[in-house]
Amino acid sequence: MRGFLASSIGVTCAATLALPLTLPASAAPSAAQAPAPATQSTSGARSAATTGDRALPALPGSTQSLPLAPRVGDRTFGAAPEQGLTRGDVHRFSLVGVIWDDPDTELRGSVQVRTRSTATGAWSGWQDVDTHNDDHGADPGTPERTSGHVHGSTAPLWVGDSDGVDVRVRADRAATRTVGKTDEQPSPLPAGLHLELVDPGAAEPPPAGAPTTTNRVAAPRTATELPALTKQATERELVGLGRKAEPYIGPRPRIVTRHGWGADEELREQGFVYTKQVKAAFVHHTATGNNYRCSQAPSVIRGIYRYHVESSGWRDIGYNFLIDKCGTIYEGRAGGVTKAVLGAHTLGFNTNSTGIAVLGTFGSTKPSSAAVTAIARLTAWKLGLYGGNPRGKTYLKSGGGNLYRKGKNVRLNVISGHRDGFATDCPGRQLYGKLGSARSTSARYQGR
């Protein structure tokens, strides 16, 4: 069991606006096989067994981890080596993903799922799960990466409230041919494949009479948001905290705190990890799909948080901030929204950067204008705290990756896409194409 923190949200620091940032949130299967045992996960490691006929504990959210087994390929999915699972007796869930034992092993293949809706009882069509998730996570050699808790994992997929699942994981044919030439690996698929079914749970309501918004540095634990400030109020606030008012800083946008979206602070590891400054912002998409309502965004974030910690084995949610399709900004990794919190979002470039993820998948779908505007507002403020010019360039030292060797100083846009630091599709072609507009708008908010 990893270290738990019983109290909620981060540490308040009089020198910076380190607020405890946490709004309350919501066809028959093919080729059925014998039910596989499930495990209820409460940390990076899988633990106490649960099955379809055993009552699950009354928790504010949970993760079921189901081992996959070999299955015969069908005409639709082909005849390459395949593992899968069909279950109609699982505890309700809303987000799915697949993990495996070794985080340094790539899943070369395809993952598809379909789910049964609790509202209608109908099965969805097959949906693709993004398998290219190794570009996220902590940098190589860091304590978070070498903790022993980290698994290989796909991106999580939001499927809505469901109680049945059918999954198939198929190795691509190239991987099959390669493995056929050697005896070193018995299967082209990674070892220890498990299906993760995440119930994000309901957010804990604040105590009666508790304030929901605050401008104060010593924010009450129950504050659900930081309201927007004008540029002048933002500058006055920094001076009042004993910080230098940078000549160019955007007005602070409204930010939903961790308590606001319902983060269970007992899930994450205790304490925080910081870097020296924030020189760049990397923009991501979560690859969780676009089939969510804005009112469900807190639930989606709780699901991602639980998946990152319990399934992938990270110390906290990987992103520093998240943005939904309506343009609402949410605090991500704990430690204080003004601070240089070390995230796990851009493999090789987590140090001295901040990670901003837009909820959704943007390979072929355009991001909303509200989300792009929110990127501009957030970066104008966050980068402005550290003197960053949204239209400028900066240097970051690579921690290792598939584009730049470890130790190389790399010149990057101050607002970059994930693919600028790692060979990946993230943040999706459509969102990446909007970053030029976000840079210009962000600079304008700073008064440049």
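## Sheet, core and salt bridges of a predicted model

Strand 13 (residues 255–256) pairs with strand 16 (residues 329–331) in the parallel sense over 2 bridges, where strands are DSSP E runs of at least two residues and helices are H or I runs of at least four, numbered from the N terminus. Two strands count as paired if DSSP finds at least two bridges between them. Within this pairing, Ile-255 stands opposite Ile-329 of strand 16.

The model is predicted, with local features requiring pLDDT of at least 70 and side-chain atom pairs pLDDT 80 or more, while totals for chains, interfaces and linings use all residues. Residues are numbered from 1 along each chain as its sequence is written, and side-chain values use heavy atoms, with hydrogens and water left out.

The open sheet comprises 7 strands in the order 12-13-16-15-17-14-20, with mixed pairing. Strand 12 (225–226) and strand 20 (415–417) stand at its edges, each with a single partner strand, so one side of each has no neighbour in the sheet. Helix 5 packs on the sheet, touching strands 13, 14, 15, 16, 17 and 20, contact meaning heavy atoms within 4.5 Å. The direction of helix 5 makes about 155° with that of strand 15; axes are lines fitted to C-alpha atoms, for helices over the stretch in contact, and angles run from 0 to 180 degrees between N-to-C directions. Helix 7 also packs on the sheet, touching strand 14 and strand 20, and its direction makes about 165° with that of strand 20.

The largest nonpolar core has 28 residues, of which Phe-321, Ile-323 and Trp-381 touch the most other members. Such a core is a set of buried Ala, Val, Leu, Ile, Met, Phe, Trp, Tyr and Cys residues joined through side-chain atoms within 4.5 Å. Buried denotes under 20% relative accessible area, exposed over 50%, and partly exposed in between (1.4 Å probe, protein chains only). Helix 5 gives the most to this core, with 7 residues.

The whole structure holds 17 salt bridges, each a side-chain nitrogen of Lys or Arg within 4 Å of a carboxyl oxygen of Asp or Glu. Three of them are tabulated.

| Pair | N to O distance |
|---|---|
| Arg-92 and Asp-161 | 2.0 Å |
| Asp-166 and Arg-114 | 3.3 Å |
| Glu-265 and Arg-268 | 2.4 Å |

Asp-166 in strand 10 and Arg-114 in strand 7 (residues 109–117) are 52 residues apart, and both are buried. Arg-71, Glu-82, Arg-114 and Asp-166 are linked in a network of salt bridges. Glu-265 and Arg-268 are both buried.
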